[in-house]
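Visitor: Please show me the model, and let us go through the terms used for it one by one.

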Amino acid sequence: MAKPKTFLCSACGASFSKWSGQCDACGDWNTISEERPLSAGPASKTLGAKRGSAITLTDLSTEETPPPRTLSGLDELDRVLGGGLVPSSAVLVGGDPGIGKSTLLLQAAAKFAQAGLRTLYVSGEEASAQVQMRAQRLGLAEAPVKLAAETNLRDILTTLDAERPQLVIIDSIQTMWADNVESAPGSVSQVRAAAHELTSFAKRRGVSVVLVGHVTKDGQIAGPRVVEHMVDTVLYFEGERGHQFRILRAVKNRFGPADEIGVFEMTGMGLAEVTNPSALFLSERGQPSPGSVVFAGIEGTRPVLVELQALVAPSPHSQPRRTVVGWDGGRLAMILAVLEARCGIPFAGLDVYLNVAGGLKISEPAADLAVAAALLSAREDAALPADTVVFGEISLSGALRPAPQTENRLKEAQKLGFTAAIAPSGGKTGTVSGLALTQATDLTGFVGEVFGAG
């Protein structure tokens with residue numbers, strides 16, 4: 001009996017039993033193609049045992065010491081990688097078009113090559129001359145990096161076998177195609193096959209491979225999610241087109257923290273590292289105004305201070321608007337409901353706008369109290385003191401929960417010249433001199449303490 005055919009969407013990876021012009025899952029057109037299985041290879045021996053047989057961990061050799069990590073010289077990149085590049089690792093880097101992925105990786109390739117790694121940059125989207133033009137603009141024309149422009153996976157693997165580099169950058173994985181897979185480049189089958197071959201090559205030959213991945217309109221890396229499971233590290237390069245800041249965020253890392261970030265600034269000479277992100281995010285902050293609150297957050301292992309901006313205005317429509325940039329819209333609705341139910345402060349008939357300045361995206365719940373303070377400040381038209389930071393989590397009962405790493409948040413605020421902080425009681429504050437700390441137990445007490453009403 002013939003095996004039924006399977007059709008997959010190259011944009012979101014959804015599976016269908018028959019072909020159609022539009023994907024029902026993501027709504028994209030002409031992205032569904034037939035998935036053709038790869039042929040199984042010959043039986044081989046694995047870890048000294050026959051395929052399918054069990055082997056205990058005590059039988060594995062532990063005499064060999066793994067090679068040390070290689071530092072690129074870009075401290076922000078090394079921080080996100082967990083302390084440098086791990087040999088025989090596979091890294092997947094995703095981001096919006098034009099955000100600076102190729103620029104970052106070309107700068108990283110030059111740094112790694114100058115550090116002594118044999119580096120090969122393979123571009124499937126540009127010619128070698130175009131990559132050289134970018135390198136000259138970035139001042140990297142003399143870097144000992146080998147360039148190649150190729151999309152055939154078989155030719156690329158043959159070249160890697162001959163050149164034996166220590167670091168390979170593939171830009172991008174969606175342009176690679178394997179001649180043993182009967183589908184167009186960029187399809188689910190092609191992306192999966194190319195990623196599998198390159199990852200397997202990295203493990204067999206001790207080569208570090210960096211793959212560039214396109215993203216969908218939802219911000220996820222295009223293609224099957226199995227690609228993210230194949231690689232060791234998944235990095236997202238984020239940023240707003242209207243801002244010069246770029247955030248390199250680790251969402252998966254087998255060799256380091258999975259929530260670390262690196263901050264870069266886009267300049268005419270490429271991406272420059274930002275060693276003190278808090279000072280940069282607050283650099284454009286002017287005089288204190290209603291709706292502006294400084295939040296002391298934690299991104300990975302580093303504290304980051306960022307400005308939250310809120311605007312509350314009468315709504316001309318029957319359904320008020322709730323617009324959020326850089327935060328979770330569902331959590332904003334929860335904060336508004338708690339303020340009305342527990343504190344008696346209604347927002348009915350009012351449009352609410354919330355923005356995280358600088359293009360940073362915040363996900364930790366410790367921003368709840370800062371958001372509530374910004375909303376109340378905008379609603380009451382009362383500005384908070386400019387030298388005050390706010391952080392804390394709000395529960396549905398109106399109680400305030402202490403945020404983790406309270407002492408690190410306070411130290412960062414004190415280092416940047418802030419003299420006051422508002423936080424929930426119960427956190428480990430440590431000893432931070434020169435900072436007046438106000439602690440509140442519930443949201444009602446916070447409203448009464450700061451705005452004189454409850």
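Predicted model: local features only at pLDDT ≥ 70, side-chain atom pairs only at ≥ 80, totals over all residues.

Visitor: Why are α8 and α11 called roughly perpendicular to each other?

Guide: Helix α8 (residues 329-343) and helix α11 (residues 443-451) pack at an angle of about 85°, with their axes 10 Å apart. Angles under 35 degrees count as roughly parallel, over 145 as roughly antiparallel, 65 to 115 as roughly perpendicular and the rest as oblique, and α8 and α11 are therefore roughly perpendicular. The axes are lines fitted to C-alpha atoms, for helices over the stretch in contact, and the angles run from 0 to 180 degrees between N-to-C directions; helices (H or I, at least four residues) and strands (E, at least two) are DSSP runs, numbered from the N terminus.

Visitor: Which residues of α8 and α11 meet?

Guide: From α8 come V338, L339, R342 and C343, and from α11 come L443, T444 and V447, where contact means heavy atoms within 4.5 Å. Sorted by class, the contact of α8 with α11 holds five nonpolar, one polar and one charged residues, with Ala, Val, Leu, Ile, Met, Phe, Trp, Tyr, Cys and Pro counted as nonpolar, Asp, Glu, Lys and Arg as charged, and the others, Gly among them, as polar.

Visitor: How do you know how α2 and α3 are oriented to each other?

Guide: The axes of helix α2 (residues 101-114) and helix α3 (residues 128-137) come within 11 Å and cross at roughly 75°, and α2 and α3 are therefore roughly perpendicular to each other. In this packing S102, T103 and L106 of α2 meet V131, R134, A135 and R137 of α3, and the residues of that contact divide into three nonpolar, two polar and two charged.

Visitor: What makes F237 and F264 an aromatic pair?

Guide: Rings of Phe, Tyr and Trp (its six-membered ring) pair if their centres lie within 6.5 Å, and planes under 30 degrees apart count as stacked, over 60 as edge-to-face and the rest as tilted. By this rule the count comes to one aromatic pair. F237 and F264 are 6.3 Å apart centre to centre with 70° between the planes, and the pair is edge-to-face. The pair links distant parts of the chain, with F237 in strand β9 (residues 233-238) and F264 in strand β11 (residues 261-267), 27 residues apart.

Visitor: Why do F237 and F264 count as buried?

Guide: Buried means under 20% relative accessible area, exposed over 50%, and partly exposed in between (1.4 Å probe, protein chains only). F237 counts as buried because its relative accessibility is 3%, and F264 counts as buried because its relative accessibility is 1%.

Visitor: How do you know whether F295 is buried or exposed?

Guide: F295, in strand β13 (residues 292-299), has 1% relative accessibility and therefore counts as buried. Leaving aside neighbours within four places in sequence, the contacts of F295 include L305, I362, F391 and R409. The C-alpha atoms of F295 and L305, 10 residues apart along the chain, are separated by 5.7 Å.

Visitor: Why is R409 called buried?

Guide: R409, found in helix α10 (residues 406-415), has a relative accessible area of 1% and is therefore buried. Not counting residues up to four places away in sequence, R409 touches F295, E364 and P404, among others.

Visitor: Where is the cis peptide bond?

Guide: The cis peptide bond joins D171 and S172, with omega about 5°, and S172 is placed in the loop between β7 (167-171) and α5 (188-205).

How values were computed:
Residues numbered from 1 in each chain as written. Heavy atoms only, no water.
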